[in-house]
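Let's take a walk through this one together. Have a look at the chains below, and then we'll go through them piece by piece.

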Amino acid sequence: MKTKLLLTLAATAAFTSFIGVATEQPAHARIKLATLPDKEAVVVRFDHPNVVIVEEERTLTLQKGVNNVDFSWAGTNIDKGSIIFRPVDEKSTTVVLSTSYPPGEAALTWQINATEARSEKFRLSYLMANIQRETDYRAVVSADEKTCTFRHYFKIRNWSGGQFDEADFITRDGKTFEKGLANGEAKRVLVNRWDNVKLVKEYNYDPQRQSEGKILTDYVLKNAKDHGLGAIPLEYGKVRIYQQDSAGTTAFTGEDWGRFTPIGDDMRLNIGIAQDIKVEFKKMVNDIENRRGNVYDTNEVDEYEIKNFKDGEAEVIFTLRVDGEWEMQNSSSGYTSFERIDNETIKFKVKVPGKGEPVKLKFHYKRLNNW
Amino acid sequence: MRWLIPALMIALAAPAFAKEELVTLPTRNTVQLTIYNSVDLTLVRETRNLTFKKGNNRLQFSWANTLIDPTSVEFRALTNPDKIEVLDTSYPAQSNQMLIWTISAEEAVSANVEISYFTSGISWSAEYHGVLAADEGSMTLTAYVTVHNRSGEEYEDASVRLVVGTINIVEEIARLAGGASQGQREEAYRGMRDAAKSGDSKKDIVKEGLSEYYIYTVEGKETIPDKWSKRLESFVQPGVPVRTVYTLDPMKYSGLTRLLTFKNDEAHKLGKEPLPAGIVRLYKQHAGNRLGYVGAVATEYIAKKDEVKVNAGADLEVSFKHTRRSLKKENLVFQWSGNRQYLAGWDTVETFHIELKNFRSRNSEFELNLVFNGDFTFTSEIASTKVDYRTQRFTQTVNANGKLEITYVVRTRNGSNAKK
């Protein structure tokens, strides 16, 4: 008597798994008797940025000698070449002898040799396409805008054709949650919560980010332990930002895409435009000098007049860019500090008093050796 | 044989093309497949016992609906060769998938004969699964070979030999076969699911070198029905050392890429034979002998001592920032054209800064290949090597949770300043 095991991954409710014990009739005969091994301990792992690996365990009742195990996955998005089937017990004497693939079917047959008749747990691993994952965050900022609570959600959407009645889902940073997930279903799960996360509010002038010259209001979080984060790299995802109000509730104040933020790096989130701070740009000097043949230098002065209509002082960060070879001149003024970030980029910090009193940032530079 | 195609028939006492014909159907005794993976070619050798009457015997061999090359079919007597002789071979006009040998026997005699031919439609491929240990320092590498049969013929209890290497053929076998149709076996499931004839242990696959090729011989016999594929384990090697190198190589990869590398040599517990081309999939072992997916690469033929690099994509646990800190133009050279002076040559001097951060809990190796154009001079306080005329390489290790900064300067001579 040969044992015939048929494992079928359900594509819809109409498909069910079954195990078959065949009598000594030829294997291709149409009359079969089958028993059904249930899926046990299903794990869906998101280690890889693009690919999902699924592992499931099944207890097989094996006869002594060679057993045939059929596995089919019609209607699901399993990567056939990735399928691995092995006993859970690493010291097992049961061996998979061969794998055969029938024509035109999402199916295979393993020949398994068991040294004795017994029940044995096997683990089936495969890569599955069309299980999408997405990260998003929710920040609730304190009334003084110095701290926030930060919640990390993991959303999965199952278009794989497979059905997960009960599975452990493991995120890239090792968080595990147990859920059922039907084909076509999506779930969003809170995986990390951080409280008292420090944040810095910034007013930014950056023509590359805001071409109309308006001031952007940013919150900057540092992904570091002493700032209340720093446990894991923060994956790219949408951050929805709320602020506590005087009524004890929260108001939605904006949202932004948080870029992937390694530990130690900053996550910058723009919540909108600061309407009470205005900047007017004027080019005051634009001269050509030091001509040598077709080569020349330029002498340029850019002026930014800033007005802050809030009651209190504000600091505005100017991010300005000049292409090519250039040098800042000593007559630049109106800033508290500056930093040349790279060859093209310079940042100025400017203190702006409240109540509309104007201040000027003067940026004097020469572009050298143009032609 | 139920699906005896090619059919071998001994015609008895009837004119060659009479309407009524009495034939016997001698069965195959043995069949051996030698399958090449570089071209669509398989050499089939089959043996059958035949009985010949004294005088001339006509032997008909036909191969309808298969992909056999008619020009390759050969007949050879293995026993009593001195008493049997092939007088001629006819290819009937009404069938391009048949031939008739006229065989002369000195006396009534039985003989074991071999019929050999080339067929297309049978191929084999290799694939590899590597399971990395938790520390990613080593892996268990399992190699598989898979035979695919789309030849139109079922080969039952065949000896299977696989040829690793690239051979030259001047005409495609599929074309010589005359484009015979495939796909005529509705009951091809038979045999593959029948375990009765299987052994009870994994089959050995014996490897031997032959000229420029390697031949893998699968132990025992295999039945491979038409349109089926069958995968067998070729070898399992635990403890293969693996290196993880974060690599920047703009000519090959997009961005900083995690490469897992190993060599097909003795130091890596491999190197016994070349590894045929195939997909290498790497997994990582998690607690409880569970697996995570790392990455895959389709490799070319891996010669002995050659290296394999598996692309595991970007890694969130390391970061790489590359900025140009300054740009200056120097050594401006002017020339005159008539009464006009113009710039003829200049140098650009650029200072770049690299910041590598390793958020992993173990040291990480980095290989940064930087590509420049033109006549340039590269200087850096941290040692680099010249890979080719335009590529400089930094090879550095960054400690666990550590950071490394590299500054380098590139002077590029342009216009009349350029020497290259």
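Predicted model: local features only at pLDDT ≥ 70, side-chain atom pairs only at ≥ 80, totals over all residues.

## Where two strands meet

Start with one pair of residues: Tyr101(A) has Ser229(B), in β15(B), as its bridge partner. How many bridges join them?

## The side of chain B that touches chain A

Now zoom out to the contact between the chains. On one side sit 48 residues of chain B, and on the other 49 residues of chain A. Several strands of chain B supply at least two residues each to this side, among them β10 (122-132), β15 (229-241) and β22 (340-358). Which strand gives the most? That's β21(B), with 10 residues.

What kinds of residues does chain B bring to this side? Sorted by class, you get 19 charged, 18 nonpolar and 11 polar residues.

## How chain A is divided

Chain A is assigned three domains: domain 1 covers 4-128, domain 2 is made of 131-156 plus 192-273, and domain 3 covers 277-370.

## A closer look at Phe71(A)

You'll find Phe71(A) in strand β4 of chain A, which spans residues 65-72. Is Phe71(A) buried or exposed? Phe71(A) counts as buried because 22 C-beta neighbours lie inside 10 Å, and the cut-off for that is 20 or more.

Phe71(A) and Trp110(A) are 39 residues apart along the chain, yet their C-alpha atoms are separated by 8.1 Å.

Chain B has an average pLDDT of 85, with 86% of its residues scoring at least 70. Among its elements, strand β27 (residues 403-415) has the highest mean pLDDT, at 97, while strand β1 (residues 7-11) has the lowest, at 55. Over residues 1-7 of chain B, the pLDDT is below 50, and this stretch has 18 contacts in the model beyond near neighbours in sequence.

Residues 12-19 of chain B also stay under 50, with 7 contacts beyond four places in sequence.

Technical notes. Residues numbered from 1 in each chain as written. Chains lettered and ligands numbered in written order. Helix = DSSP H or I, 4+ residues; strand = E, 2+ residues; numbered from the N terminus. Buried ≥ 20, exposed ≤ 12 C-beta atoms within 10 Å, placed from the backbone. pLDDT = per-residue confidence, 0-100. Contact = placed C-beta atoms within 7 Å. Nonpolar A, V, L, I, M, F, W, Y, C, P; charged D, E, K, R; others polar. Pairing = 2+ DSSP bridges. Domains from an automatic or database assignment.
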